[in-house]
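Let's take a quick tour of how one protein chain is put together. Have the structure open and follow along.

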Amino acid sequence: MTSNTRVVVIGAGLAGVRLARRIGELGGSALVVGEEEHRPYNRVLLAEVLAGRYEPEVISLPAPPELVRARVTGIDRLARTVRCADGTEIAYDTLVLATGSNPVLPPLRGLFTADHQLPEGVHAFRTLDDCLGLSKALRPGVRAVVVGGGLLGVSAARALAVRGAQVVLAQQAERLMERQLDPNASKLVLRHLLDLGVEVHTECRVRDVRCLGGAVRSVELADGYALDADLVVLACGVRPRAGLAKEAGLAVHKGVLVDDELRTSDPHIRAVGDCAQHDGTLYGLAAPALEQADKLAELLAGDANARYTGTRSLTRLTLTGRDTPAGPAPSDRTAAGPTPGGLTHTGLAPFDLAAFGETDPRPGDDVVQLTDATRGTYRKVVVRDDRLVGGVLVGELGTVGALARAWEGAEPLPADGAPLLHLLTNDGGS
């Protein structure tokens, strides 16, 4: 990357902002085009904003030196320009798609108004505007239905509950977070939500959103049972935002196809983050997006040996206890950022969960499980050929960091297994 190379990044999320920062640190520059009006922010912490635990400014990211607020509507690959909704065009030498993902909106009857808008009280949960809209509608006793019991749905249900809402979570699968957790771990997550007052329905499908005067009043399940609702939160997963790439004629499967140099089918266009599909994998997590951004910055800075070969990513979620107004907040080792004054935790202890690698054993694998019903903790790791290949940890944990490092290192474990047992039983480190 020479000093006059024009790098343009579409997307001001975690991946796009990280890429611009790393390019600057390596002596270059990048223009970031972001369509949200807010300062760039950490989307991972939106549930903490909804819970009232953080103010929106706490999750802000450092703004790139060159940031344009615009919505990109098209890419002219021959002219190497991008077109914006306001009529402007931006030239590039290298274009990077960091467009992220969109929320999946399920095919429910009554979900959209005649002009294809969500009715009043129905919210996706993907952007800061979604979060602020939900927060504005919250009041003690409001009836909220969360559709979806994955990572996002569990986070949203917990956030609404700690704000005093009467929450019902409707999950189509047989258990919560079925993609990340085994049945034992899911039961502990269920117990935590029940302790917060959340009503959980599994193996049920929402089929209808019923409105009156343009505002939601209830949702109907497939068996005909109706749930009263002042708010409905759609937490049904995300889909790569690859429309721009597809319209430009780039190779797209589920996401924008990229190689180990994060290059698309056009050598002048790269892609990183949620929109990128590498070696058949869509990650949809922060850690791979950041790693991709770092590798791409090195490539654009001229490191011919830099390659992205995939990420061994860990899913982590911290569910804090019920938040109530009080004096200055105590220190909280599970927090991902500073806690604003005026909030403290009472009643329920923090609750962590983590899942990494292969959590379902194959024939011949060794499985180590430790369960403490009193403390509500569950720890399970899978060992194959003397190597740690995956694990599920639930409860108030201090072992996640050490176990993740052992897994990422892929080094053989000692034959006696003592260090592994020490990691599973030690609450001291993270």
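Of the contacts in the chain with a separation of 6 or more, 60% are between residues 24 or more positions apart. Keep in mind that this is a predicted model. There are 9 helices and 27 strands in the chain, and buried residues make up 48% of its 430 residues.

**The nonpolar cores**

- As a bit of background, nonpolar side chains in soluble globular proteins tend to be buried together.
- Here, the largest nonpolar core has 48 residues, and Phe 125, Leu 160 and Val 198 are the ones with the most contacts inside it.
- Helix α4 (residues 151–162) supplies the largest share of this core, with 7 residues.
- There's also a second, separate core of 45 residues, and Val 8, Ala 15, Ile 23 and Val 82 are among them.

**A look at Leu 160**

- Leaving aside neighbours within four places in sequence, Leu 160 is in contact with Leu 50, Leu 138, Ala 144, Val 146, Ala 165, Val 167 and Val 233.

**Two helices side by side**

- Helix α1 (residues 14–25) packs against helix α7 (residues 286–300) at an angle of about 30°, and their axes are 8 Å apart.
- Angles under 35 degrees count as roughly parallel, so α1 and α7 are roughly parallel to each other.
- The crossing of these two, α1 and α7, is right-handed.
- On the α1 side, the contact includes Leu 14, Ala 15 and Arg 18, while α7 brings residues including Ala 286, Ala 289 and Leu 290.
- Sort the residues of the contact of α1 with α7 by type and you get 11 nonpolar, 4 charged and no polar.

Technical notes:
Residues are numbered from 1 along each chain as its sequence is written. This is a predicted model: local features need pLDDT of at least 70, side-chain atom pairs count only at pLDDT 80 or more; totals for chains, interfaces and linings use all residues. Side-chain values use heavy atoms; hydrogens and water are left out. A nonpolar core is a set of buried Ala, Val, Leu, Ile, Met, Phe, Trp, Tyr and Cys residues joined through side-chain atoms within 4.5 Å. Buried means under 20% relative accessible area, exposed over 50%, partly exposed in between (1.4 Å probe, protein chains only). Helices (H or I, at least four residues) and strands (E, at least two) are DSSP runs, numbered from the N terminus. Contact means heavy atoms within 4.5 Å. Axes are lines fitted to C-alpha atoms, for helices over the stretch in contact, and angles run from 0 to 180 degrees between N-to-C directions. Angles under 35 degrees count as roughly parallel, over 145 as roughly antiparallel, 65 to 115 as roughly perpendicular and the rest as oblique. A crossing is left-handed if the near helix is turned anticlockwise from the far one by less than a right angle, and right-handed if clockwise. Ala, Val, Leu, Ile, Met, Phe, Trp, Tyr, Cys and Pro count as nonpolar, Asp, Glu, Lys and Arg as charged, and the others, Gly among them, as polar.
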